[in-house]
Amino acid sequence: MFTGIVQGMGRVVSVEQPAADFRTHTVELPEDMAGGLQTGASVAHNGCCLTVTETDGRTARFDLMAETLDKTNLGRLKAGDLVNLERAARFGDEIGGHLMSGHITATTEILRIERTEHNTTMHFALPAALKPYILPKGFVGLDGCSLTIGSVGEDSFCVHLIPETLRRTLFGTRQAGDTVNLEIDPQTQAVVETVGRILAAKG
């Protein structure tokens, strides 16, 4: 379980891909995130939960299976790239974002970015299948960041980013056309689907 508060950015040190449907990458973690990290621990990469398979100081290895490569942007990573990182939440941690599973629902494209002196608004494509779950002022996970949804259009939605988010995450360098991981809020999904089933049962 994660909170959507990115704790730092890690650099991909190496990528090994012995087959089209499997790869392993090694990431150098920020110093303050590496302490106590053990094999079997969960670390979110751009919001996707991955399991540590090996550690060595500040570096850790992670395996990416076919489903991960198919459903996320992690298969595009190459040595030198940065990823948003968050270690799994622990009981007693402050929940500053919203609860996230680390299971990516889909990827989406940045359509355009509006920047002023103090504000940045990013507009994203809205997959038709996810439209019921993307609601104004609701939550969404984008590349592992817990963000509040701004406006929602017929085929797009936007979020507003503060300077701190731009400084601490990949969103500071993202550009129109980039692909990001999207996780819908599981509580919103549960409510929407439950109401849908009740209404369908009532005819």
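The legends below describe several close-up views of one predicted model.

In this predicted model, local features need pLDDT of at least 70 and side-chain atom pairs count only at pLDDT 80 or more, while totals for chains, interfaces and linings use all residues. Residues are numbered from 1 along each chain as its sequence is written, and side-chain values use heavy atoms, with hydrogens and water left out.

View 1. Over residues 99-195 the chain is 16% helix and 41% strand, with its end C-alpha atoms 21 Å apart. Helices (H or I, at least four residues) and strands (E, at least two) are DSSP runs, numbered from the N terminus.

**View 2. The largest pocket and its lining.** This pocket has a volume of about 380 Å³, and among its 16 lining residues Q7, R87, A88, R90 and D93 lie nearest its centre. Both α1 (31-34) and β6 (82-87) supply at least two residues of the lining. A pocket is an open set of points, on a 1 Å grid over the protein atoms alone, where a 1.4 Å probe fits and protein lies on both sides within 12 Å along at least five of seven lines; lining residues have an atom within 4 Å of a point. The volume is the space filled by probe spheres set on the points, which are joined across faces, edges and corners.

View 3. E67 counts as exposed at 51% relative accessibility, whereas K71 counts as partly exposed at 33%; buried means under 20% relative accessible area, exposed over 50%, and partly exposed in between (1.4 Å probe, protein chains only). By the salt-bridge rule the count comes to 10.

**View 4. D143 and its partner R174.** D143, in the loop between β9 and β10 (145-152), has a phi near 50°, a positive value in a residue other than glycine. Most residues other than glycine have a negative phi. The side chain of D143 meets that of R174 in a salt bridge (2.6 Å, N to O). R174 lies in the loop between α3 (163-168) and β12 (179-184), so the pair ties together parts that are 31 residues apart in sequence. D143 is buried, with a relative accessible area of 0%, and R174 is buried as well, at 15%.

**View 5. K131 and K137 in the loop between β8 and β9.** K131 forms a salt bridge with E154, their closest N and O atoms being 3.0 Å apart. This pair links distant parts of the chain, 23 residues apart, with E154 in the loop between β10 and β11 (156-161). K131 is partly exposed, with a relative accessible area of 29%, while E154 is exposed, at 65%. K137 has a positive phi of about 70° although it is not a glycine, and this residue is exposed, with a relative accessible area of 62%.

Note on methods
Salt bridge = Lys/Arg side-chain N within 4 Å of Asp/Glu carboxyl O.
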